[in-house]
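Open the model in a viewer and keep the selection panel at hand. The stops below go from the parts to the whole and back.

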Amino acid sequence: MTKLLYAKKPEAKNKMPPKDNKAKKEIIWTKKDLIGLEYLSIEEIRLILDHAKSFKEVLARPLRKVPTLRGKTVVNLFYEPSTRTRTSFELAAKRLSADVINIVKESSSIQKGETLIDTGRNLEALKIDVIVVRHNASGAATTLSRALNISVVNAGDGWHEHPTQALLDIFTLEEKLGKIKGLNISIIGDIAHSRVARSNIWGLTKLGANVTVCAPKELVPPGIKELGVKVTSDIDEALKDADAINVLRMQFERDKPDAFPSKLEYFRTFGITEERLKKAKKNIVVMHPGPINRGVEMSGEVADGINSVILEQVTNGIAIRMAVLYLVTHAKKG
Ligand code: CP
């Protein structure tokens, strides 16, 4: 197990010797950036989750702050709207004692036509340490990371990946169900346009979950089966043996083909209702990355119901983002 900062010291008394005396290889974080879960090993995903666990302990203390990133500056560079991701990255940076600057498209020189790379280079020239970027173009975070020496963290790029969302989803699942390996997880909704779905698929399959995606067939992207998931358009099948469901937002702001005649039609066919949940496992975990379209992806009763962990996901986002900011700023040479 990697030595974690700020974790409680283990009890020395009555400690049993480990059954397996083989020394475990220490996992070292070597990446200056976090672009997607596709590019992480199982061990690197575990390292983030382990650090998040330690940082969650910090967040439970009366003084929810550590000096780890004192003197560092994190810039949130957001080309798309956000409530959860931007706020929790800001909170995460502040809990680590970093300085934080928020840049939104509407009030920056992006409006005057400055390119992403030029914006990044100018921020680098201002001697900042991390750019957290959200962008409508798939690949924007990769482009920025290649152009800069400072750390780049992907806060969602087009339809590509939203790695910290998947990490907080996985963290929440593991907290609730004690493991990931062998769990049946259904991801339901607009798979084709979802960066959350892609990051979850990469992360969950790497950690050994059985993943099913469920969507109208027009919203199932080609090649998705090759990622090791089962595909269905039958919501009852997706719910039947699921230990957890991750219900995706319908992205009405993005261009897409008419996959269904109306929001009401979608809700009738794919919406998660209390009635539908009665046929699922009693303790099924209901997740949603937010923001929710109540009455489209799920009913208000389900969103606020006893199976829902939606707000716990949001809370866990701070610990995950603290872990990511810590690791990318302390990357060792590989
Ligand atoms: N889940 C998520 O990315 O939410 P925001 O768009 O509010 O950041």
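Helices (H or I, at least four residues) and strands (E, at least two) are DSSP runs, numbered from the N terminus. This is a predicted model, in which local features need pLDDT of at least 70 and side-chain atom pairs count only at pLDDT 80 or more, while totals for chains, interfaces and linings use all residues. Residues are numbered from 1 along each chain as its sequence is written, and side-chain values use heavy atoms, with hydrogens and water left out.

**Stop 1: helix α2**

Select residues 84-95, which form helix α2. The 12 residues should span 16 Å at 1.5 Å a residue, and the end C-alpha atoms are 16 Å apart, which agrees. The expected span is 1.5 Å times one less than the number of residues. After α2 comes Ser-97, with a positive phi near 70°. Within α2, the residues Thr-85, Ser-88, Phe-89, Glu-90, Ala-92 and Ala-93 are buried. Buried means under 20% relative accessible area, with exposed over 50% and partly exposed in between (1.4 Å probe, protein chains only).

**Stop 2: strand β1**

Now select β1, where 6 of 6 residues are buried. One side carries Thr-73, Val-75 and Leu-77, the other Val-74, Asn-76 and Phe-78, and both faces are covered. In a regular strand the side chains alternate between the two faces of the sheet. β1 pairs with β2 in the parallel sense over 6 bridges; strands count as paired if DSSP finds at least two bridges between them. Val-75 is opposite Ile-101 in β2.

**Stop 3: the five-stranded sheet**

Which strand order does the open sheet of 5 strands have? The order is β7-β6-β5-β8-β9, with parallel pairing. At the edges are β7 (230-232) and β9 (285-287), each pairing on one side only. Neighbouring strands are turned by 20° against each other on average, direction ignored. Axes here are lines fitted to C-alpha atoms, for helices over the stretch in contact, and angles run from 0 to 180 degrees between N-to-C directions. Zoom in on β5 (residues 184-188) and β6 (residues 210-214), which share 5 bridges in the parallel sense. Ser-186 faces Thr-212 in β6.

**Stop 4: helix α5**

Select residues 163-177: this is α5, which lies across β5, β8 (244-247) and β9 and runs at about 165° to β9. Because 11 of its 15 residues are buried, α5 is largely enclosed by the rest of the structure. Those buried include Leu-167, Leu-168 and Phe-171. Gly-178 follows α5 and has a positive phi, near 80°.

**Stop 5: cores and domains**

Colour domain 1 (25-161 + 317-329) and domain 2 (163-313) separately; the bounds come from an automatic or database domain assignment. Their centres, taken over C-alpha atoms, are 25 Å apart. The contact (heavy atoms within 4.5 Å) takes 31 residues from domain 1 and 26 residues from domain 2.

A nonpolar core is a set of buried Ala, Val, Leu, Ile, Met, Phe, Trp, Tyr and Cys residues joined through side-chain atoms within 4.5 Å. The largest has 87 residues, and Ile-48, Val-132 and Ile-320 are among those with the most contacts inside it. α11 gives the largest share, 11 residues. Finish on Ile-320, which touches residues including Ile-48, Leu-49 and Phe-171, not counting residues up to four places away in sequence.
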